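Here are some notes to go with the structure you are about to open. Have a look at the fold first, then come back to the points below.

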Amino acid sequence: MNLKLKHLPLLLLPFSLQMNAQEIKGELNKEIKRTEKMSYILDYPQKVKGNVPLIVFLHGSGERGNNLELVKAHSPFTYKNLIKEPVAILAPQCPADTWWDTITVYNLIKEIQKKYKIDASRIHLTGLSMGGWGTLKLAMEHPEMFASVTSVCAPTDIGMYANINQYKGLNMKIFHGGMDDIVLPENALRFYQSLHPVNPSAELVIFPNDNHNSWDSTYSDPKLYEWMLSKKKGE
């Protein structure tokens with residue numbers, strides 16, 4: 001009996017602490033500086049008057065690093081002859097062993113707009129694989145920037161589903177290979193099923209015989225560029 005009484009105050013201790021706690025409300029207001037560094041290639045047309053459309057291309061994981069020539073592989077650069085009007089093509093390079101920092105990509109696009117004559121109503125975003133993920137993420141974060149969004153064999157994440165309404169009103173195409181064994185085609189279908197109720201004009205295209213390399217089928221089609229360049233922001 002004495003043993004139980006001896007330990008009784010210890011049992012009451014947590015309740016005493018809770019009764020003495022106070023609720024503190026506050027706000028963190030601190031400027032955090034960050035260094036942004038990202039290499040890029042910009043293909044800008046010569047001898048044109050006025051502003052030109054901009055196609056922003058985000059490469060896949062295999063083109064990361066510091067060899068800038070890699071960013072032109074598997075991209076609209078390869079099929080420039082299919083684009084029937086003068087356009088600028090911007091291809092940044094993701095550093096090795098990282099995924100796309102979409103804050104830096106956004107700030108890069110803004111910087112290119114300051115330095116060159118870019119039609120702000122005709123900025124088009126596209127990317128493949130890891131770059132397809134970056135495309136969907138950047139479009140989710142800044143839907144106000146883009147006239148069209150085209151993802152190719154893109155992984156998706158929970159944040160995109162949670163913020164699916166951000167894609168409302170965007171001109172969107174989603175491409176995927178039906179035989180993709182790296183990013184399964186179910187990924188694209190599931191995302192499209194969530195997207196369609198908020199953006200019924202979005203289009204899903206499955207290339208039934210393509211594996212992960214659905215980018216050649218996507219970027220080799222001149223109709224893609226016709227569709228892109230027919231779109232303006234908010235239309």
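1. A charge is said to sit over a ring if NZ of Lys or CZ of Arg is within 6 Å of the ring centre and within 35 degrees of the ring normal. By that rule, the charged end of Lys 173 sits over the ring of Trp 227, 4.8 Å from its centre.

2. A word on what you're looking at. This is a predicted model, where local features need pLDDT of at least 70 and side-chain atom pairs count only at pLDDT 80 or more, while totals for chains, interfaces and linings use all residues. Residues are numbered from 1 along each chain as its sequence is written, and side-chain values use heavy atoms, leaving out hydrogens and water.

3. Now the overall layout. The protein has seven helices and seven strands, counted as DSSP runs (H or I, at least four residues, for helices; E, at least two, for strands) and numbered from the N terminus. Their order from the N terminus is α-β-β-β-α-β-α-β-α-β-α-β-α-α. The radius of gyration, taken over C-alpha atoms, is compared with a globule rule of 2.2 Å times the number of residues to the power 0.38. The protein comes out at 24 Å, well over the 18 Å the rule gives for 235 residues, so it is more spread out than a compact globule. Its C-alpha atoms fill a box of roughly 95 × 45 × 35 Å along the principal axes.

4. On to the aromatic rings. Rings of Phe, Tyr and Trp (its six-membered ring) pair if their centres lie within 6.5 Å, with planes under 30 degrees apart called stacked, over 60 edge-to-face and the rest tilted. The structure holds six such pairs. One of them is Trp 99 with Trp 133: the centres are 5.1 Å apart and the planes at 80°, so the pair is edge-to-face. This pair links distant parts of the chain, with Trp 99 in the loop between strand E3 (88–92) and helix H2 (102–115) and Trp 133 in helix H3 (residues 130–141), 34 residues apart.

5. Are those two tryptophans buried or exposed? Buried means under 20% relative accessible area, exposed over 50%, and partly exposed in between (1.4 Å probe, protein chains only). Trp 99, at 46%, counts as partly exposed, while Trp 133 is buried at 12%.

6. Tyr 167 and Phe 191 also form an edge-to-face pair, 5.6 Å centre to centre with 90° between the planes. Tyr 167 counts as buried at 0% relative accessibility, and Phe 191 counts as buried at 1%. Together with Tyr 161, they form one aromatic cluster.

7. Which residues have the most contacts inside the largest nonpolar core? They are Leu 54, Ile 109, Tyr 167 and Leu 195, in a core of 40 residues. A nonpolar core here is a set of buried Ala, Val, Leu, Ile, Met, Phe, Trp, Tyr and Cys residues joined through side-chain atoms within 4.5 Å. Helix H3 gives the largest share of this core, six residues. A second, separate core of 24 residues includes Ile 55, Ile 83, Val 87 and Ala 91.

8. Last, Trp 215. This residue is found in helix H6 (residues 215–219) and, at 12% relative accessibility, counts as buried. Beyond its neighbours within four places in sequence, Trp 215 is in contact (heavy atoms within 4.5 Å) with His 74, Leu 128, Val 152, Cys 153 and Ser 220.
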